[in-house]
Amino acid sequence: SRACSVSAVPQLFDVEYLAPVQIGTPPQTLMLNFDTGSSDLWVFSSETPLRQRGGQDLYQIEDSSTAHRLGNSTWSITYGDGSRSSGNVYLDSVTVGGVNVFNQAIESATKVSSSFTNDAASSGVFGLGFDSINTVSPVKQKTFFSNALESLEMGLFTANLNKAEPGNYNFGFIDPTEFTGPISFVDVNATRGFWEFEATGFSIGGGGNGTGNSTSPMFVPVGHSAIADTGTSLLLIPAPIVQAYFWQVPGAQSSARVGGWVFPCNATLPDLIMHIGTYKAVIPGELINYAPVDTDSFDTATVCYGGVQSSSGFPFAIYGDVFFKAQFTVFDVDEMRLGFAPK
Ligand SMILES: O=C(CN1CCCCC1)Nc1ccc2c(c1)OCO2
């Protein structure tokens with residue numbers, strides 16, 4: 001079929017969004033982390049050491065009649081959070097929402113780091129970045145989207161993620177019921193293999209001037225490059241912006257102990273508006289209350305962790321799921337652009 005849609009299910013605290021993928025013959029359905037910030041499709045499999053498994057569903061290679069080993073090929077990836085995985089490569093049939101790619105490279109994990117072992121819900125990662133950063137050696141492999149492109153109605157996919165409830169990824173079409181306003185587009189620079197774009201600055205929360213007539217909040221021109229990364233939970237942006245934001249929140253502080261900005265859970269958080277070209281991406285304050293710091297005191301938590309944190313240490317900002325929960329996003333490879341719309 002020329003288009004498809006697949007449900008994106010949020011895990012606890014929306015830390016990641018998993019979608020079902022059919023692999024092999026007969027089809028084995030695995031829940032994978034759809035990640036526009038990487039370009040490897042890798043899975044826990046019958047080759048993953050027993051002590052590195054943690055209850056994940058596995059790609060049982062020997063049970064698929066269409067699995068073929070890609071000889072002399074290996075892969076190895078390290079993510080921004082320091083997690084890692086590596087292994088062997090197979091070609092097999094992959095179907096997402098009814099769209100099939102026959103010889104899709106499936107990277108089988110023979111080694112995974114602890115954060116993957118401890119995440120029972122995710123059977124692997126489904127990369128949706130550019131093929132140039134695929135880690136298979138000696139011959140780089142293509143992503144599912146890249147392989148499916150010629151059979152799709154339109155050369156694009158969209159992300160429609162939600163807070164604490166399922167959303168969806170669509171391939172090959174834009175569903176106008178998933179957003180409210182017009183879509184604003186910005187050019188993509190794929191030089192580093194990411195869906196990279198330029199943001200022009202920010203403003204903070206519909207701060208009326210208290211006299212009843214609301215003045216439009218001041219635009220601060222802190223321009224920065226950014227990547228659209230559905231595999232990252234938070235919105236990681238330049239420290240001066242994060243500082244300016246939390247300075248508006250009584251009791252907020254940057255905690256070295258916790259590792260980021262925290263604030264009183266009962267605080268009223270202002271909206272954060274990221275300006276991208278002429279588009280104003282409003283991130284409602286409630287999305288910036290990410291989670292209680294100490295989860296085993298969840299019901300009486302007093303300290304909460306910011307959904308917006310500093311991107312210092314990275315060569316670009318990382319617009320993750322906190323951003324996508326507020327903006328319908330189009331990833332358009334035909335026109336090499338990203339589209340954003342309110343929802
Ligand atoms: O690592 C990732 C995303 N990654 C996607 C695939 C699964 C494992 C996590 N994001 C990330 C990017 C920058 C970071 C960070 C996390 O923690 C601190 O800085």
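About 190 Å³ of space lies in the second largest pocket of this protein. Let me start there. One thing to keep in mind throughout: this is a predicted model.

Who lines that second pocket? Twelve residues do, and the closest to its centre are Phe13, Lys163, Asn289, Tyr290 and Ala291. Which strand gives the most to this lining? Strand β20, residues 289–292, with four residues. Now sort the lining of the second largest pocket by class. Eight residues are nonpolar, one is polar and three are charged.

On to the largest pocket. Its volume is about 1,100 Å³. In total, 40 residues line the largest pocket. Nearest its centre lie Gly80, Asp81, Gly231, Thr232 and Ser233. By class, this lining has 18 nonpolar, 16 polar and six charged residues.

How do we find such spaces at all? Rolling a probe the size of a water molecule over the atoms shows where empty space is left.

So where is the ligand? The ligand sits in the largest pocket. Around the ligand there are 13 residues. Gly80, Asp81, Gly231, Thr232 and Phe314 come nearest. Look back at the centre of the largest pocket: Gly80, Asp81, Gly231 and Thr232 were named there too. By class, the shell around the ligand has six nonpolar, five polar and two charged residues.

Let's zoom in on the contacts. Take the backbone first. At glycine 80, a polar backbone atom is 3.3 Å from an oxygen atom of the ligand. At aspartate 81, a backbone N or O atom lies 3.0 Å from an oxygen atom of the ligand. Please note that for aspartate 81 this distance belongs to the backbone. Now a side chain. A polar side-chain atom of threonine 232 lies 2.8 Å from a nitrogen atom of the ligand.

How much of the ligand does the protein cover? On its own, the ligand has 450 Å² of accessible area, and the protein covers 77% of it.

Last topic: the backbone. Most residues other than glycine have a negative phi, and most peptide bonds are trans. Here are some exceptions.

Which bond is cis at proline 26? The peptide bond from threonine 25 to proline 26, with omega near -10 degrees. Proline 26 is in the loop between β2 (17–23) and β3.

Next, serine 137 and proline 138. A cis peptide bond joins them, and omega is about 5 degrees. Where is proline 138? In the loop between β8 (124–127) and α2 (144–148).

Finally, asparagine 72. This residue is not a glycine, yet its phi is positive, about 55 degrees. Asparagine 72 is in strand β5.

Key. Residues numbered from 1 in each chain as written. Predicted model: local features only at pLDDT ≥ 70, side-chain atom pairs only at ≥ 80, totals over all residues. Heavy atoms only, no water. Near = heavy atom within 4 Å. Polar contact = N/O pair within 3.5 Å; in protein donor to acceptor, adjacent residues only side chain to side chain. Areas by Shrake-Rupley, 256 points an atom, 1.4 Å probe, with all protein chains shown as cover. 1 Å grid on protein atoms, 1.4 Å probe; cavity = no way out; pocket = protein on both sides within 12 Å on 5 of 7 lines; lining within 4 Å. Sits in = over half its atoms within 2 Å of the grid points. Nonpolar A, V, L, I, M, F, W, Y, C, P; charged D, E, K, R; others polar. Points joined across faces, edges and corners; volume = space filled by probe spheres on them. Helix = DSSP H or I, 4+ residues; strand = E, 2+ residues; numbered from the N terminus.
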